Amino acid sequence: MSDPSSAATTPSIEVLPSILSADFAALGSAVDEVVAAGAKVIHCDIMDGQFVPPITFGPNVVAALRERLSDDIYLDVHCMIEDPERQVDAFAKAGANGITFHAEATPHVHRILQHIREQGVHAGLAVCPGTPTEVFAQVTDLLDLALCMTVNPGWGGQKLIPSTIDKTATIAAGLLPTTTVQVDGGIDEHSAPDAVRAGAHWLVAGSAVFGKRDPAAAFQAITAAARGAAA
Ligand code: DX5
Ligand code: ZN
């Protein structure tokens, strides 16, 4: 399974279309469209109606995407769920390449990161906008990805919370150079450059891609803006 961030010491800049904003009745063709436009990583938002109010989908949808997409497309699973340890094996079996869970959802951050890696999957840890950054310090060696939420999790289409840009920089400064820094929420071609300058590598974009009339063109415009800021 390839990982766009593994070829170099510094992870590459990627825009991750979030299927949360896609037409669920036409999910396969929606994902095909962004993959044809160059997307290498697809972001899957898992919500359980507990950690956040909405309910989305589970491992069966991830497995269906895995079946449909070629092996070089990376499936990035963002778990906004209580007791994430109960679901790791199911998402790994479904073909997730990376599984990220929230520090606020469990007292067992260290153990779950270890467990995710033991399944042969990249391990990610996320924090909500109101959560301090210190949780990352104790587990830097176990992190493949650190996610700084740039909106409160649960819904697409929100405005990026400005203070999360400086927070992204604070988090990035404390990580190993090989750890992918991810931002999620309110990312579009205007906010993407600020996130990249703060140290973000992987930028999740839902409504700014699938909410547009031409998702492929929108994906490419955000990618160009993000990569332009890195140059
Ligand atoms: C929000 C999700 C995001 C969501 C982002 O809880 O984690 O991945 O899809 O949506 P936009 O890009 O519309 O803010
Ligand atoms: Zn997400």
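Two residues are said to be in contact, or to touch, when they have heavy atoms within 4.5 Å of each other. In this predicted model, local features need pLDDT of at least 70 and side-chain atom pairs count only at pLDDT 80 or more, while totals for chains, interfaces and linings use all residues. Residues are numbered from 1 along each chain as its sequence is written, and side-chain values use heavy atoms, with hydrogens and water left out.

**Nonpolar cores**

Ile42, not counting residues up to four places away in sequence, touches Pro17, Ile19, Val31, Val34, Val35, Leu69, Ile73, Tyr74, Leu75 and Asp76. A nonpolar core is a set of buried Ala, Val, Leu, Ile, Met, Phe, Trp, Tyr and Cys residues joined through side-chain atoms within 4.5 Å, where buried means under 20% relative accessible area, exposed over 50% and partly exposed in between, for a 1.4 Å probe and protein chains only. The largest such core has 66 residues, and Ile19, Ile42, Leu113, Leu125 and Leu203 touch the most other members. Helix H8 supplies the largest share of this core, five residues; helices (H or I, at least four residues) and strands (E, at least two) are DSSP runs numbered from the N terminus. Apart from this core lies another one of ten residues, among them Leu16, Val41, Tyr74 and Val151.

Leu203 has its place in strand S8, and it counts as buried because its relative accessibility is 0%. Leaving aside neighbours within four places in sequence, the contacts of Leu203 include Ile13, Val15, Val183, Ile187 and Ala226.

**Strand S4**

Strand S4 covers residues 98-102, and five of its five residues are buried. Its side chains are divided as follows.

| Direction from S4 | Residues |
|---|---|
| One way | Gly98, Thr100, His102 |
| The other way | Ile99, Phe101 |

S3 and S4 run parallel and are joined by four bridges, two strands being paired if DSSP finds at least two bridges between them. Cys79 has Phe101 as its bridge partner in S4.

**The largest pocket**

A pocket, on a 1 Å grid over the protein atoms alone, is an open set of points where a 1.4 Å probe fits, with protein on both sides within 12 Å along at least five of seven lines, and lining residues have an atom within 4 Å of a point. The largest pocket is lined by 37 residues, of which Gln158, Gly185, Gly186, Ile187 and Ser207 lie nearest its centre. H8 (215-230) is one of the elements that supply at least two lining residues each, and H8 gives the most, with four.

Technical notes: Chains lettered and ligands numbered in written order.
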